[in-house]
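Open the structure in your viewer and keep the selection panel at hand. The stops below say what to select next and what is there.

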Amino acid sequence: MISLAIVIALVGQAFSFLGKVDLSTLWTDGWFPRRGRFDVLTIFTGSVLVSIVAMVVATPLGLGAAMYLSEYATPRARRLLKPTLEMLASIPSVVLGFFALAVIQPTIVQTFFGSTSAFSLMAAGLGVGMLTVPLIGSVAEDALRAVPGDLREAAYGIGARRRTVTLRVVFPAAVSGIVAALILGLSRALGETMVVAIAAGGTGGSERTFDVLGPGQTMTGAIASLAYGSDQVKTATGLNAFDSLYFVGLLLFVLTFGLNIVSERYVRRVRKAYR
Amino acid sequence: MSSIPASATRSSVELALSGRSRDIRGRLFSGALLLALLLSLAILLTLLVSIWNDAWPVLRDRGFDFLASETSSLPERAGVRQGLVGSLTLIALVAAVSLPLGIAAAIYLQEYAKDTRLRRILVANIRNLAGVPSIVYGILGLVVFVQALRSITGQASYGRSYLSGGLTLTVLVMPFVVIIAMEALRAVPWSIREAAYGVGATKWEVIRSHVLPYAAPGVFTGVILGLARAFGETAPLLLAGAVTGFLATSPGGPWETLQGPYTALPVQVFAWSRLPGQAWVGNTAAAIIVLLATILIVNLVVIVLRTRYERTW
């Protein structure tokens, strides 16, 4: 029901936008909705860059934490550490956005990477990555723990070390669940809004850029800033800039919905394997 | 086999028995894993400490005044009262709608619906909806509640009302509530149901007197976690018309209030974080502390409830 409503609402509005807009402006240089320039590629690369940074941070941290919790930690340590990791998941994204802007950008991005801007896609990506770590961690941990103990016992029985068991036995057995965790993380990173809206800059618009250290705009950030600021601004061609957010929203919905379906399929494969 | 000298066998066995410390790569590996975990926790700690450092001067100097003041363009007079009241009102709305609807949907899907193709598609769909970015729900709220249902959600506020925001958040948390409630229902063992059927109970009697009481702790945990999530959501509220600047509330009855303009705590955090000047950084951090404290209390309640009512079969 709800997803049907989303699709209907988005598709209808998106097509009315596409009908009104000059299609060539969808492929110009830069995303400046108020000036009638709607380059989808600009915000798409922004989203991809932020997601790449986020995944580079979150993949090793999330998987490492999951492996430690599932294979190495004593039950007592696990009881203590897992809720703490889940605490990180319950922190609202707007808080991490502020953290990314006020702490990550000045202390990490400006010092170590020589960024000169007050905003950057990098800082936003790092912030999003921190949000993604607990998600990847807990889904991957579930996948690792779903591997039956027999497999581990068998490997230990022929003299394998714990590292060998973890990497050569448990990891391959759980690999589809881990892939699912990564896909879910990616879809979360693509859909994350507040961190980007606060820390990435590019509120009014952005040139097409591949510079991670400078400000930029993402799909979610574009929607947020359209909603936040330029409410009823008409462009020179008499087009309502606000309407473009339905189009971007539709793209985002299709993208993340597709990723979620793929990951669902992987999770089901895990369940089938060891029932 | 006879080609392996006995001494080699003996030494390798000795190594296996005594030589745990010699497995350097294994130790490095486990160290790296632990480091990954601790680094994640260190991030949490850094985040809390740095925000607390920014927030402390404001909380110390303003104290209760910060909680009781309304929005203002002067940093030294701005407070979070309207945001806090707004967030709590929204949460009450979300709870009032999503609790009955979510539990009813979960009972239907888990207990009544036959395992048909349609049910499987519905369940998979609900799972997918839980992964849809929250800002997409914001667009839905804008189209449906703010624009299409404006006559209900408040003509005077152009639909940008408590009702719109609350209903948008309800749609957002419903998939979570349904999924977690379904898991809780599924966890009730069949033997309990069979016993009730055995003494002649009807299906509804079994569900009401046996399944629901046993599933209740799990269901409420899910609902409260969903509410905590709704409490921190910002993006959908931006689209569903939360006020980001100055907010003047007009007096009126409860229905007029619900149809009136609103703001929420995370929305205030977002708006303030974009304002220049050190004073606003302090205010933003202080508002975040209020937000986090509320969410932390909710989470603690959940943990206490969970350990109290948790049972093993």
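This is a predicted model: local features need pLDDT of at least 70, side-chain atom pairs count only at pLDDT 80 or more; totals for chains, interfaces and linings use all residues.

Residues are numbered from 1 along each chain as its sequence is written, with chains lettered from A and ligands numbered from 1 in the order in which they are written.

Select chains A and B. Their contact takes 57 residues from chain A and 54 residues from chain B; two residues are in contact if their C-beta atoms, placed from the backbone, lie within 7 Å. On the side of chain B, H2(B) gives the most, with 17 residues (helices are DSSP runs of H or I, at least four residues, numbered from the N terminus).

Next, select helix H3 (residues 75-89) of chain A together with H2(B). Their axes, lines fitted to C-alpha atoms over the stretch in contact, come within 10 Å and cross at roughly 50°. Show Leu81(A), Thr84(A), Leu85(A), Met87(A) and Leu88(A), which meet Leu37(B), Ser40(B), Leu41(B) and Leu44(B).

Finally, select Ala100(A). Among the residues of the largest nonpolar core, which has 156, Ala100(A) is one of those that touch the most other members. Such a core is a set of buried Ala, Val, Leu, Ile, Met, Phe, Trp, Tyr and Cys residues joined through C-beta atoms within 7 Å, buried meaning 20 or more other C-beta atoms within 10 Å. Beyond four places in sequence, contacts of Ala100(A) include Ala124(A), Val195(A) and Ala199(A).

Terms used: Helices (H or I, at least four residues) and strands (E, at least two) are DSSP runs, numbered from the N terminus. A residue is buried if 20 or more other C-beta atoms lie within 10 Å of its own, exposed if 12 or fewer, and partly exposed in between; C-beta atoms are placed from the backbone. Axes are lines fitted to C-alpha atoms, for helices over the stretch in contact, and angles run from 0 to 180 degrees between N-to-C directions.
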